[in-house]
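Open the model in your viewer and keep the selection tool at hand. The tour moves from strand to strand, then to rings and helices.

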Amino acid sequence: MAEASRPARVVMLLQDLAFGGTQRQALELGARLDRARFAPEFWMLADVRDFAPHAEAAGIPLAWLSPYPRVGALSLAALWKKLASDRPDLLVPLTAVPNIWGRVFGRLRGVTAIVGTCRGGGAIGRQHERLLKGLAAHHIVNAAPLGEALVRMGRPESAVTCIANGVDTAHFAPPPEALRPVREVVLCPARFCEDKDHETLIQAFAYTVAKRPRAELWLVGDGPLRTRVRTLAARSPVRGLIRTYPAAPDPRPFFQQASVVALSSVREGLPNVLLEAMSMGIPVAATAVGGIPDLVEPGRTGLLCPPGNAQALGENIAKLLADAALRRACGEAARERVLTHFSMERMVRRHEDVFEKVLSDAAGR
């Protein structure tokens with residue numbers, strides 16, 4: 001429990017600080033928490049430091065629990081030891097491995113103020129929520145379907161809060177007219193993993209090219225399926241129009257070149273990349289999974305289709321590329337929607353409210 005004279009130590013336990021949506025959201029949250037009430041720290045189970053300079057610039061203390069880029073026995077042993085010697089007031093694990101071991105070890109070490117998080121379409125299963133959900137004092141999810149799944153498992157509704165991702169709308173602002181794209185670039189900035197289903201997008205792009213032969217597909221990201229995605233792109237009948245790029249700390253130069261942002265996910269929470277695209281006034285062609293239908297209004301901010309349907313996705317992309325007026329209208333509506341409902345300030349304040357409640361409940365025990 002935090003003393004009244006000092007802010008509560010809030011430890012966000014991450015797998016690493018690689019370029020990724022969860023890491024970016026953690027960084028934005030940690031940088032903006034009210035320092036009079038909360039003192040954020042990041043503990044990492046693996047030594048990947050892409051976002052480390054940004055965290056250091058925000059004044060967030062960093063602790064690396066392993067010198068290796070993958071989580072292993074050394075990481076877990078270090079976490080077990082650190083929870084005993086440096087116990088936080090509030091523990092917030094993010095992504096699957098931290099949610100599993102952070103909750104188990106945290107409880108065994110006497111930490112009762114634990115906020116579990118579910119942020120991706122497959123998080124419920126990967127994090128063994130059916131078994132471990134009761135180890136968290138509260139859950140934060142970033143999409144309503146995730147919260148509904150927890151409640152169906154028996155989690156009380158009062159113990160689950162849905163907080164949509166936020167986006168820095170000043171940072172991700174529409175480019176000046178002179179920088180608006182003149183080429184038909186379809187951008188997919190997404191981690192190369194099973195959830196994102198790049199295979200369907202690459203198949204879909206062939207349908208797009210049949211109607212828009214000058215279109216280009218840019219795949220930006222990294223991840224465990226990087227080699228497979230690049231192989232699929234190289235074997236595509238329209239391979240000459242597909243490019244792959246590594247992930248970058250600031251994706252805005254890619255967004256500035258994009259006429260459409262596409263996402264072919266089969267599982268999702270609330271994707272940061274779509275928020276960022278919409279904040280920059282770019283229309284979206286995506287699959288209707290997870291929290292995406294709560295973000296993208298079909299025909300108004302973009303177009304949606306069922307997951308796994310390459311033809312429908314490809315034709316939606318072609319429709320947006322073919323109609324400049326539709327693209328501009330969707331982009332303007334997308335920007336307005338983000339400004340109204342998905343500001344970073346709203347996301348941070350709602351997290352602070354949950355943290356205060358969990359800390360207060362823990363102090364009352």
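Start with strand 12 and strand 13. They run parallel, and 4 bridges join them. This is a predicted model. Select Thr-287 and look across to strand 13: the bridge partner there is Cys-305.

Stay on strand 13 and show its side chains. Gly-302 and Leu-304 point one way, while Leu-303 and Cys-305 point the other way. All four are buried.

Next, select strand 11 (residues 260-263). Val-260 and Ala-262 point one way from this strand, and Val-261 and Leu-263 the other way. Are these residues buried or exposed? All are buried.

Strand 11 has a parallel partner in strand 12 (residues 284-287), joined to it by 3 bridges. Pick Val-261 and find Val-284 opposite it in strand 12.

Turn to strand 8 (residues 185-189). Strand 8 and strand 11 also run parallel, with 2 bridges between them. Leu-187 has Val-261 as its bridge partner in strand 11. Val-186 stands opposite Val-260.

Select His-198, which sits in helix 8 (residues 198-211). How buried is His-198? Its relative accessible area is 3%, so it counts as buried.

Now show what surrounds it. Beyond its neighbours within four places in sequence, His-198 is in contact with Cys-188, Ala-190, Arg-191, Phe-192, Cys-193, Leu-219, Val-229 and Ser-264. Draw a distance between the C-alpha atoms of His-198 and Ser-264. They are separated by 6.5 Å, although the two residues are 66 residues apart along the chain.

**Aromatic rings**

Colour the aromatic side chains next. The whole structure holds 8 aromatic pairs. One of them is Trp-218 with Phe-254, an edge-to-face pair. The centres are 6.5 Å apart and the planes make 90 degrees. Trp-218 lies in strand 9 (residues 216-220) and Phe-254 in helix 10 (residues 252-256), so this pair ties together parts that are 36 residues apart in sequence.

Trp-218 is buried, at a relative accessible area of 6%. Phe-254 has 16% relative accessibility; the cut-off for buried is under 20%, so Phe-254 counts as buried too.

Then select Trp-80, Trp-101 and Phe-105. Ring pairs link these three into a cluster.

Move to another open sheet, with 3 strands in the order 5-6-7 and parallel pairing. Strand 5 (115-118) and strand 7 (160-162) are its edge strands, and each pairs on one side only. Neighbouring strands are turned by 25 degrees against each other on average, direction ignored.

Select strand 6 (residues 138-141) together with strand 7. They run parallel and share 3 bridges. His-139 has its bridge partner in strand 7: Val-160.

Which helix touches strand 5, strand 6 and strand 7? Helix 15 (residues 344-363) packs on the sheet, and its direction makes about 170 degrees with that of strand 6.

**A helix pair to finish**

Last stop: helix 13 (residues 310-322) and helix 14 (residues 324-341). Their axes lie 5 Å apart and pack at an angle of about 100 degrees. Angles of 65 to 115 count as roughly perpendicular, and helix 13 and helix 14 are therefore roughly perpendicular to each other.

Show the contact residues. From helix 13, select Lys-319, Leu-320, Leu-321 and Ala-322. They meet Ala-324, Leu-326 and Arg-327 in helix 14. Colour this contact by residue type: 5 are nonpolar, 2 are charged and none is polar.

Note on methods: Residues are numbered from 1 along each chain as its sequence is written. This is a predicted model: local features need pLDDT of at least 70, side-chain atom pairs count only at pLDDT 80 or more; totals for chains, interfaces and linings use all residues. Side-chain values use heavy atoms; hydrogens and water are left out. Axes are lines fitted to C-alpha atoms, for helices over the stretch in contact, and angles run from 0 to 180 degrees between N-to-C directions. Angles under 35 degrees count as roughly parallel, over 145 as roughly antiparallel, 65 to 115 as roughly perpendicular and the rest as oblique. Contact means heavy atoms within 4.5 Å. Ala, Val, Leu, Ile, Met, Phe, Trp, Tyr, Cys and Pro count as nonpolar, Asp, Glu, Lys and Arg as charged, and the others, Gly among them, as polar. Two strands pair if DSSP finds at least two bridges between them. Rings of Phe, Tyr and Trp (its six-membered ring) pair if their centres lie within 6.5 Å; planes under 30 degrees apart count as stacked, over 60 as edge-to-face and the rest as tilted. Buried means under 20% relative accessible area, exposed over 50%, partly exposed in between (1.4 Å probe, protein chains only).
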